[in-house]
Amino acid sequence: MTEKRNINYYAVDGLIMQGEHVDVNVPIKIALDHGWSSIKGEHIFMENLVTQVDYTPLTNNGLLEYRGRKYIIGQGRLGKQATKTENDNYFLLTLAGIAKELNYQKREKTTHVELYAGVPLTMFGAERKAFREYLWHKEQLSFNFEGVHYCFYLDKVKIYAQCYAAIANRMGDMNRLRCVDLGSWTMDVLSVKDKIPMDKDAYTYEVGLITAFERIKKDGLPKVHCEIPEEDITDYIKGTSVNDEFIPIIEKGLQEYADNVEAKLREIKVDLKHENIIYVGGGASVMKKFGRTKGRNIQYVTDVKANAIGYRYLADNIG
């Protein structure tokens with residue numbers, strides 16, 4: 001649907017200026033990637049801890065007010081759940097994620113939203129329907145986030161497969177490849193042939209980046225007499241300076257993680273030297289720096305928003 005705009009003219013200091021009036025009834029498309037440690041949109045990122053509070057916080061930062069309750073969103077990482085639908089956490093994160101995206105797009109007053117999200121590729125058949133029903137509330141949603149009031153209907157909710165979404169608009173002339181999605185808790189491996197994902201050749205393994213973080217934090221105790229903060233590890237991965245004492249411990253842990261990833265790929269007969277391989281997810285930056293196998297056949301999508309961007313791409317191009 002084409003967004004309706006009315007062009008208005010108004011006077012400012014005697015000059016005739018041109019402005020726009022946006023029809024708030026035109027649905028705004030929002031894509032969100034519901035990760036185990038963070039939630040990402042096409043333009044936004046935040047950690048996924050949800051904490052209910054019974055007091056008024058010092059600031060509105062991360063404050064969600066919904067159905068008479070207050071929550072602080074994003075000040076830390078949520079512990080892994082058996083499923084994302086077992087409680088309200090991921091729905092509350094969805095409200096916050098939509099609000100942040102609408103704020104970024106300056107569309108806070110919109111009354112209609114279309115939501116695009118995803119589930120792990122190996123669980124696509126089993127979880128897609130349940131996650132869609134969990135997210136799709138047919139009644140009008142009304143809440144405050146960071147001091148701004150939002151009130152809209154979810155006109156549509158569509159669910160896509162993680163991993164494939166991250167490369168859907170990035171394959172170029174590669175008709176065959178392996179996509180390796182390195183998330184917080186798992187590693188997904190997907191084969192793509194003729195640019196079509198091979199459902200029967202998809203795997204998920206417990207080779208998550210968080211396990212490496214936990215090992216690094218513990219390894220620091222006897223050497224630097226403290227548990228290395230997780231923020232320092234993520235800062236190092238991003239290229240930000242950290243305490244010099246922490247660097248050798250962080251590098252050792254990340255090298256072990258990269259070695260484990262490559263060992264698992266070889267175990268399932270992935271030819272690291274010759275196959276086209278695209279690393280995506282939070283661990284892509286680690287593989288770019290610490291992966292021992294390099295070559296023109298290996299690419300790295302280090303934008304953690306890649307899945308969310310891919311959901312929007314699939315929605316616009318496939319439906």
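The face of helix α2 turned away from its buried side carries the exposed residues G125, K129 and E133. Exposed means over 50% relative accessible area, buried under 20%, and partly exposed in between, with a 1.4 Å probe and protein chains only. The model is predicted: local features need pLDDT of at least 70, side-chain atom pairs count only at pLDDT 80 or more, and totals for chains, interfaces and linings use all residues. Residues are numbered from 1 along each chain as its sequence is written, and side-chain values use heavy atoms, with hydrogens and water left out.

Helix α2 spans residues 124-135. Helices (H or I, at least four residues) and strands (E, at least two) are DSSP runs, numbered from the N terminus. The twelve residues of α2 reach 15 Å from the first C-alpha to the last, close to the 16 Å expected at 1.5 Å a residue. The expected span is 1.5 Å times one less than the number of residues. F131, Y134 and L135 of α2 are buried. Seen down the helix axis, the buried residues of α2 fall within an arc of 80 degrees, so they line one face. That arc is taken over the directions from the helix axis to the C-beta atoms. An α-helix has 3.6 residues a turn, so residues three or four places apart point the same way. The buried residues of α2 pack against β3 (28-34), α1 (89-104), β9 (112-119) and β11 (148-161). Contact means heavy atoms within 4.5 Å.

The structure holds nine aromatic pairs. Rings of Phe, Tyr and Trp (its six-membered ring) pair if their centres lie within 6.5 Å; planes under 30 degrees apart count as stacked, over 60 as edge-to-face and the rest as tilted. Y160 and Y311 form a stacked pair, 6.4 Å centre to centre with 20 degrees between the planes. Ring pairs link Y116, Y160 and Y311 into a cluster.

Another ring, that of W36, has charges over it. The charged end of K80 sits 5.7 Å from the ring centre of W36. K84 lies over the face of W36, at 4.8 Å from the ring centre. A charge sits over a ring if NZ of Lys or CZ of Arg is within 6 Å of the ring centre and within 35 degrees of the ring normal.

Strand β8 (residues 69-73) runs antiparallel to β6 (residues 50-53), joined by four bridges. Two strands pair if DSSP finds at least two bridges between them. V53 stands opposite K70 in β8. Strand β7 (residues 63-66) also pairs with β8 in the antiparallel sense, over four bridges. L63 has I72 in β8 as its bridge partner. β7 and β8 form a hairpin with two residues between them. In the turn, R67 has a positive phi of about 50 degrees.

Positive phi values also occur in loops. E146, a residue other than glycine, has a phi near 50 degrees. E146 is found between β10 (141-145) and β11. At 29% relative accessibility, E146 counts as partly exposed. C163 has a positive phi of about 80 degrees. C163 lies in the loop between β11 and α3 (164-167). At 0% relative accessibility, C163 counts as buried.
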